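Student: I'm new to this one, so could you walk me through a few of its local features?
Tutor: Gladly; here is the structure, and we can start with one term.
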Amino acid sequence: MNYNPPHQVPLVAASSFVFDSIEQGMDIFDGVEKGHIYGRFGNPTVDAAAAKIAALENYGGEGEVYGLFCASGMAAIATVLTGLCRPGHVILTQGDLYGGTSALIDDLAPHGVRRITADLRDSERLEDRLAEHSDLSIVYVETPSNPTLRCTDLAYLADLVHHYGARLVVDNTFATPIGQQPLLLGADVVLHSTTKYLNGHGTGVAGAIVCKDKQLMDEVFVPNYRLYGGTGNPWDAWLVLNGLKTLALRMERHSSNAQQVCDFLLRHPEVVTVNYPGIPTHPDCGTIDRQMKLHGGMLSFELKGGLEAAKAFMNRLKFCTLTPTLGDVDTLVLHPATMSHRSIDREVRLANGITDGLVRLSIGIEDIEDIVDDIDQAIGGGKK
Ligand SMILES: *Cc1c(COP(=O)(O)O)cnc(C)c1O
């Protein structure tokens with residue numbers, strides 16, 4: 001079958017690939033000849049999406065980079081954690097992790113993997129914690145964090161983690177490679193829920209793993225992914241390939257819109273706190289200036305009236321959508337205490353700044369006036 005190629009990466013819907021001869025089949029199985037075998041091992045559309053995400057994470061950097069496209073963000077995270085951790089190992093992480101990731105780490109406890117939680121931004125206490133654990137295998141970071149947008153210094157942390165012989169794994173879902181590039185700051189592995197900004201349109205669930213260590217990719221992540229079946233499907237990969245074409249443009253607009261919503265909220269008399277990396281007085285502003293190229297589209301805020309005011313606000317929204325995801329072109333609203341962080345103990349939640357009245361916004365790329373007007377009318381009460 002010979003035809004001139006399509007100008008877009010085709011969506012290859014196939015469970016397996018044909019060999020010309022038994023000799024070619026053996027060579028492909030042995031890796032002597034490049035080729036596809038079976039859909040769970042790889043597929044042209046899936047591999048194209050993985051390669052493109054990897055290239056974005058290493059853009060401007062040196063050397064080779066490797067990507068794997070996974071069935072979901074959680075499949076990517078599970079492939080990495082179960083690949084790197086053995087009984088007796090310790091994962092050091094922050095308290096305000098994505099709920100699914102937190103539950104997955106707990107789920108590894110019966111396999112002898114322990115979790116230690118610390119404020120990864122508190123360098124002095126962190127060094128003490130690291131020195132205590134000779135069996136540390138991973139330091140796992142989300143920055144900016146969900147939903148309080150705290151930011152961790154990745155370059156500093158990478159040096160420290162490597163000094164103690166562990167690996168730094170970063171979930172870069174919130175910032176995207178357009179906002180920050182953890183591999184270039186020294187991280188060993190970058191993870192994505194492509195469900196969010198990389199797809200960008202809320203049309204599919206998928207994830208990705210990126211690293212620069214060929215051995216780690218080929219000998220740990222790839223076999224793990226094949227055996228546990230975390231492979232992404234071609235349709236989702238195709239949607240992500242489409243989304244990636246506009247990622248840089250979208251992220252610029254998400255960021256500039258979010259900054260304007262942030263400025264509006266900061267001036268509003270009914271608002272007590274706003275969390276956004278673009279606030280000059282953000283507690284982690286030094287880190288943000290050093291490592292982030294854009295401040296992104298995520299912010300959270302608290303109304304004076306606490307839980308009741310937050311509920312009333314969400315129920316009055318007309319233009320923005322109440323839904324538990326983020327990173328779409330549309331503005332999305334979520335209430336962490338009753339939705340994403342529902343399963344977390346109230347005390348732990350409060351200790352991490354996730355109060356009952358906190359509202360999370362994923363600012364879209366719509367006309368800024370439409371977004372601000374809706375937020376304004378939904379807050380009601382006080383005047384700008
Ligand atoms: C959504 C999300 C995940 C999980 O990804 P899925 O695609 O839903 O499996 C992991 N980390 C972060 C930061 C997320 O927002």
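Tutor: Buried means under 20% relative accessible area, exposed means over 50%, and partly exposed is what lies in between, with a 1.4 Å probe and protein chains only. This is a predicted model, in which local features need pLDDT of at least 70 and side-chain atom pairs count only at pLDDT 80 or more, while totals for chains, interfaces and linings use all residues. Residues are numbered from 1 along each chain as its sequence is written, and side-chain values use heavy atoms, with hydrogens and water left out.

Student: Okay, is Phe41 buried or partly exposed?
Tutor: Phe41 has a relative accessible area of 28%, so this residue counts as partly exposed.

Student: And what sits over its ring?
Tutor: The charged end of Arg226 sits over the ring of Phe41, 4.4 Å from the ring centre; the rule asks for NZ of Lys or CZ of Arg within 6 Å of the ring centre and within 35 degrees of the ring normal.

Student: How many aromatic pairs are there?
Tutor: Rings of Phe, Tyr and Trp (its six-membered ring) pair if their centres lie within 6.5 Å, and planes under 30 degrees apart count as stacked, over 60 as edge-to-face and the rest as tilted. By this rule there are four aromatic pairs. One of them joins Tyr38 and Phe41, whose ring centres are 6.0 Å apart with planes at 80°, so this pair is edge-to-face. Trp235 and Trp238 form a stacked pair, with 5.6 Å from centre to centre and 10° between the planes.

Student: Where do Trp235 and Trp238 lie?
Tutor: Both lie in helix α9 (residues 234–244), three residues apart, which is about one turn of the helix. Helices (H or I, at least four residues) and strands (E, at least two) are DSSP runs, numbered from the N terminus.

Student: New topic: which peptide bonds are cis?
Tutor: A cis peptide bond joins Thr143 and Pro144, with omega about -5°, and another joins Asn146 and Pro147, with omega about 0°. Pro144 is in the loop between β4 (136–142) and α6 (154–163), and Pro147 lies in the loop between β4 and α6 as well.

Student: What about Leu149, what is its phi?
Tutor: Phi of Leu149 is near 55°, a positive value in a residue other than glycine. Most residues other than glycine have a negative phi, and most peptide bonds are trans. Leu149 is also in the loop between β4 and α6, and at 1% relative accessibility this residue counts as buried.
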